[in-house]
Amino acid sequence: MKPISTYYDQELEKWLRNNPDRVVTTFQVAELFGHAYMKAATAQIAASGFHKTGIYPTNRDIFFATRV
């Protein structure tokens with residue numbers, strides 16, 4: 001979640017700089033989020049997220065510790 005939040009903040013700041021005296025509406029939020037998502041949706045960022053949560057590298061014994 002951190003990368004998309006960071007990229008969204010960057011997109012928002014850029015939009016606000018380029019559009020002074022305007023407010024961000026739901027239409028702009030969707031557009032800004034789309035730009036942020038495209039930057040954040042990378043395999044490297046996904047793998048990093050799995051690594052930080054402790055489920056990478058995959059250890060099959062964690063999920064299938066007891067087999068009958």
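Modeller: Start with the residue classes: Ala, Val, Leu, Ile, Met, Phe, Trp, Tyr, Cys and Pro count as nonpolar, Asp, Glu, Lys and Arg as charged, and the others, Gly among them, as polar. On that basis the lining of the largest pocket divides into seven nonpolar, two polar and two charged residues. This is a predicted model; local features need pLDDT of at least 70, side-chain atom pairs count only at pLDDT 80 or more, and totals for chains, interfaces and linings use all residues. Residues are numbered from 1 along each chain as its sequence is written, and side-chain values use heavy atoms, with hydrogens and water left out.

A pocket here is an open set of points on a 1 Å grid over the protein atoms alone, where a 1.4 Å probe fits, with protein on both sides within 12 Å along at least five of seven lines; lining residues have an atom within 4 Å of a point. The volume of the largest pocket is about 230 Å³, counted as the space filled by probe spheres set on the points, which are joined across faces, edges and corners.

Now the lining itself. Met-1, Lys-2, Pro-3 and Ile-4 are among its residues.

Next, the helices (DSSP runs of H or I, at least four residues, numbered from the N terminus). α1, α2 and α3 (43–53) each supply at least two lining residues. The largest share, four residues, comes from α3.
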